[in-house]
Amino acid sequence: MVDCPCQEANLPRPRTPPPQPLREVVIETLRTQIIDGDYAPGDQLPTEPVLVARFGYSRTVIREALAALRADRLIDSRHGVGVFVLGPTRPSAELEVFSQATDKISDIIEELELRIGIEVEAAGLAALRSSPAQEAEIQSLVDEFKILVDRGESTDEADFRFHMAIARATNNGRFHAFLEHVGKRIIPRVKFRSVMGGIDPLPNRDHILLQEHEEVAEAISARDAEQARDAMRRHLQGGIKRYRALMRSRSSEPAS
């Protein structure tokens, strides 16, 4: 029997993850250059027209990127003079605890409890303040997460970017700055796995995370602040429950 070409044509094509928002391309490029020392503290950044020509994006995109870098205290604008680099600041020892790897489940639970106090309100503010473009970015990251789950690929980066997108959608740079300081280690499995030889402490939980992300995104899109807060609270409390169950299972294992 000869295979019919039309059958192959009718097969669903794999979806590719949505492109990164233009603003994020500019932010990450300039941030990397500042952190790597290409622009030293006190250096003046190129003017807006130069950045527009360099990246090929609109002035609106460039201005939004510079505003985000100002909120992160990496640059400062001097009226009538230009934009100057402040440089990355080293966090205090007290704050570094958030970005350190750990094999203590109790540390992760404590951090999730702290995140509830911050990200629950972030979700509520995002529901009230997000722009259509920010809503679209949040939904695109839910879609990307689903694609990665279907493919069996790592969701670490998509998970982190989802939470960062919600922080940006508050249009309050403090939320974004806090999560960015903690970095991708704010995702518990990343922080835990880094000191456990790559072992995933909670495999097969991505479908649950996907559903939780969908509920948060839907509430933000519906402009329902209280539902968004409730959905984010359930999401983070779900993580606490999963890690407490893991802690109980480990404590019940016989000593070797």
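**Helices and their neighbours**

Author: Helix 7 is followed by Gly-152, whose phi is positive, near 75°. Helices here are DSSP runs of H or I with at least four residues, numbered from the N terminus. The model is predicted, so local features need pLDDT of at least 70 and side-chain atom pairs count only at pLDDT 80 or more, while totals for chains, interfaces and linings use all residues. Residues are numbered from 1 along each chain as its sequence is written, and side-chain values use heavy atoms, with hydrogens and water left out.

Reader: What covers the buried residues of helix 7?

Author: The cover includes helix 2 (22–35), helix 6 (105–129), helix 8 and helix 11. Among the buried residues of helix 7 are Ile-138, Leu-141, Phe-145 and Leu-148.

Reader: What makes helix 8 roughly parallel to helix 11?

Author: The axes of helix 8 (residues 156–169) and helix 11 cross at roughly 20° and come within 12 Å. Because angles under 35 degrees count as roughly parallel, over 145 as roughly antiparallel, 65 to 115 as roughly perpendicular and the rest as oblique, helix 8 is roughly parallel to helix 11.

Reader: Which residues meet between helix 8 and helix 11?

Author: Asp-159, Phe-162, His-163 and Ile-166 in helix 8 meet Leu-209, His-213, Val-216 and Ile-220 in helix 11, where contact means heavy atoms within 4.5 Å. These residues divide into five nonpolar, two polar and one charged. Ala, Val, Leu, Ile, Met, Phe, Trp, Tyr, Cys and Pro count as nonpolar, Asp, Glu, Lys and Arg as charged, and the others, Gly among them, as polar.

Reader: What can be said of helix 11 and the residue just after it?

Author: Helix 11 (residues 206–221) reaches 22 Å from its first C-alpha to its last, close to the 22 Å expected. Just after helix 11, Arg-223 takes a positive phi of about 60°.

Reader: Why is Gln-227 called partly exposed?

Author: Buried means under 20% relative accessible area, exposed over 50%, and partly exposed in between (1.4 Å probe, protein chains only). Gln-227 has a relative accessible area of 34%, and is therefore partly exposed. Gln-227 is found in helix 12 (residues 225–251).

Terms used: Helices (H or I, at least four residues) and strands (E, at least two) are DSSP runs, numbered from the N terminus. The expected span of a helix is 1.5 Å times one less than its number of residues. Axes are lines fitted to C-alpha atoms, for helices over the stretch in contact, and angles run from 0 to 180 degrees between N-to-C directions.
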